[in-house]
Amino acid sequence: MSDTTRGTDGPGDGTRAVRAGLPEPVKHEPTLPGPVFAAHFHLPGDPTGPYTYGRDENPTWTLLEQAVGELEAPGRDDVETLVFASGMAAISAVLFSQLRAGDAVVLPDDGYQALPLARAQMEAYGIEVRTAPTGGDAQLEVLEGAKLLWIETPSNPGLDVCDVRRLADAAHAQGALVAVDNTLATPLGQRPLELGADFAVASGTKQLTGHGDVLLGYVAGRDAEAMAAVRRWRKIVGAIPGPMEAWLAHRSIATLQLRVERQNATALRLAEALRERPEVTGLRYPGLPDDPAHKIASQQMRRYGCVVSFTLPSRDRADRFLDALRLVDDATSFGGVRSTAERRGRWGGDAVPEGFVRFSVGAEDPEDLIADVLRALDATAG
């Protein structure tokens, strides 16, 4: 894993995060302007200039898009970022703006559980959908002739990892575009565009904003024509974030590096503690040296994420364990400052055992959180 604090491309991650997207200072003006609530803008004469109508552009989005772009692609001016109302809005924008009837797309078969919904809609439009697991770069086997390769690494919820550069090179050799869902890693964990991807896509609802109070998504891309199509799709469907949500997201990015450092370090400690428990099986965390994904993760990731997954012996044991936790909310989503966990099988759609638990590590003191987990395991034994 590369240096997690400072790279060769400029300031460190903390400095970058706290200053990302800020406008040039103006005397008596706030450092981060407040949200702009406007459905329309003054527009005499011909419709020129950046802001014409609230579905197309908003100054609050602009600053947030600049911030995300500075994190996903520091030092590059050929990358465009667009924000959306949710992660699924961002995912849908890439899929449906790039694919046509008769095209083929390759998806992971172990990715986010809403992908099957997108698959059904694409197939209804006459798009061929192929799937393969994330692990082992298995998507290579079904890539021939595809128009778009969709990668999710680490995968949610199984935490498998694939070689982004290898897959991107193979896809480009066949004329396919490559999109990487970067939600779980965040731009401080990996930068898909630097690994060869055409799109970095993520749900900003998760660790990017980190407080469980904003729904948001984004697409960052380096192909101007492809991003123009994504922008057009956003305009057509109107999947835009509210200005307050965009402002909250930008404000929250300032603490991203602080949150990520604490959450990732605690996630590794939690995984190490769970490894000693006999009732825990199927433990996955890419940061563990003996995890199947560790080798490739350490080559392409700068941080390993805040999510740990594992399986307890039964559905009942998992439910009782979750109920016994005192510092962990039984809730879906991940990446927040308050730890959450859930028995993932309750939703359906994920090929996981009944006792499978996805655990999102928050910003609590590591000793307190780990003690709570071990106490809950002890209290529900037998």
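Helices, labelled H, are DSSP runs of at least four residues, and strands, labelled S here, are DSSP runs of at least two, numbered from the N terminus. The structure shown is a predicted model.

**View 1. Arg326 in a loop.** Arg326 is found in the loop that runs between helix H10 (315–324) and strand S10 (329–330). Arg326 counts as exposed because its relative accessibility is 65%, and exposed means over 50%. Leaving aside neighbours within four places in sequence, Arg326 is in contact with Asp372 and Arg375. Asp316 lies ten residues from Arg326 along the chain, and the C-alpha atoms of these two residues are separated by 18 Å.

**View 2. Glu65 in a helix.** Glu65 has its place in helix H2 (residues 59–72). With a relative accessibility of 9%, Glu65 counts as buried. Not counting residues up to four places away in sequence, Glu65 touches Glu57, Thr81, Leu82, Val83 and Arg234.

**View 3. Aromatic pairs.** The model holds four aromatic pairs. One of them, Phe96 and Tyr125, is edge-to-face, with 5.9 Å centre to centre and 80 degrees between the planes. Phe96 lies in helix H3 (residues 87–98) and Tyr125 in the loop between helix H4 (115–124) and strand S3 (128–132), so this pair ties together parts 29 residues apart in sequence. Phe96 is buried, at 14% relative accessible area, whereas Tyr125 is partly exposed, at 48%. The rings of Phe310 and Phe321 also form an edge-to-face pair, because their planes are at 75 degrees, with centres 6.1 Å apart.

**View 4. Lys206 and two rings.** The charged end of Lys206 sits over the ring of Phe334, 5.5 Å from its centre. Lys206 also lies over the face of Tyr112, at 6.0 Å from the ring centre.

Notes: Residues numbered from 1 in each chain as written. Predicted model: local features only at pLDDT ≥ 70, side-chain atom pairs only at ≥ 80, totals over all residues. Heavy atoms only, no water. Buried < 20%, exposed > 50% of the residue type's maximum accessible area, 1.4 Å probe, protein only. Contact = heavy atoms within 4.5 Å. Phe/Tyr/Trp six-rings, centres within 6.5 Å; stacked < 30°, edge-to-face > 60°. Lys NZ or Arg CZ within 6 Å of the ring centre and 35° of its normal.
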